[in-house]
Amino acid sequence: MKKIFILIALLAFVGTGCKFFKKKSKVDPAAIQKAKEDSVKKARAYEAEQARLAMEQARQDSIAKVQEYEAKFRYHVIIGSFKVPSNATNWEQEVRGMGYNSTKIVHAKNGFDLVSISAYETYSKAFNEIERINAEKEEPVELWIYENN
């Protein structure tokens with residue numbers, strides 16, 4: 001028993017305390033610095049990619065909201081139609097001056113730019129708006145409804 005105890009103590013002392021059995025690791029400080037720099041580069045690249053993905057997601061969400069709005073409010077009350085885009089822009093500004101604040105230029109499939117003074121979910125709501133506008137005027141305003149598909 002005494003021999004076993006001495007053998008275990010000797011092995012423990014030799015295995016843990018002797019420098020001969022310990023592995024000598026030569027660590028290059030330049031390699032450590034390079035590894036740190038690479039790690040920082042990777043982290044920055046990851047953050048930049050996450051920011052880019054977040055921006056792209058926000059852009060996609062914005063486009064989806066606009067498409068949803070346009071699909072919902074597809075009946076436009078039109079006050080002017082122009083082949084020349086600058087004429088449509090000028091007329092839109094003039095119409096805003098008349099008190100129609102929700103004007104918008106709608107690009108029709110036939111190449112015309114239409115000046116819309118409002119948009120509605122249903123044809124009947126758009127028609128009722130035309131009736132309301134013209135009821136207030138002595139001389140009716142020429143308005144019509146355009147369905148944007």
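How many bridges join S1 to S3? Seven bridges join these two strands, which run antiparallel, in what is a predicted model, where local features need pLDDT of at least 70, side-chain atom pairs count only at pLDDT 80 or more, and totals for chains, interfaces and linings use all residues. Residues are numbered from 1 along each chain as its sequence is written, and side-chain values use heavy atoms, with hydrogens and water left out. Helices (H or I, at least four residues) and strands (E, at least two) are DSSP runs numbered from the N terminus.

**The sheet**

- Four strands form an open sheet in the order S2-S3-S1-S4, with antiparallel pairing, where two strands pair if DSSP finds at least two bridges between them.
- S2 and strand S4 (144–147) stand at the edges with a single partner strand each, so one side of each is left without a neighbour in the sheet.
- Neighbouring strands of this sheet are turned by 55 degrees against each other on average, direction ignored, the axes being lines fitted to C-alpha atoms and angles running from 0 to 180 degrees between N-to-C directions.

**Helix H3**

- Helix H3 (residues 85–97) has 13 residues and reaches 19 Å from its first C-alpha to its last, close to the 18 Å expected at 1.5 Å a residue, a span defined as 1.5 Å times one less than the number of residues.
- Ala 88, Glu 92 and Val 95 are the buried residues of H3, buried meaning under 20% relative accessible area, exposed over 50% and partly exposed in between (1.4 Å probe, protein chains only).
- Seen down the axis of H3, these buried residues fall within an arc of 65 degrees, so they line one face of the helix; the arc is that of the directions from the helix axis to the C-beta atoms.
- The face of H3 turned away from the buried side carries the exposed residues Gln 93 and Gly 97.
- The cover over the buried residues of H3 includes strand S1 (75–82), strand S2 (104–107) and strand S3 (113–120).
- Just after H3, Gly 99 takes a positive phi of about 110 degrees.

**His 76**

- His 76 lies in strand S1 and counts as buried at 4% relative accessibility.
- The side chain of His 76 makes a polar contact with the side chain of Ser 116 (3.1 Å), a polar contact being a pair of N or O atoms within 3.5 Å; within protein, one must be able to donate a hydrogen and the other to accept it, and residues adjacent in sequence count only if both atoms are side-chain atoms.
- Not counting residues up to four places away in sequence, His 76 touches residues including Val 106, Trp 144 and Tyr 146, contact meaning heavy atoms within 4.5 Å.
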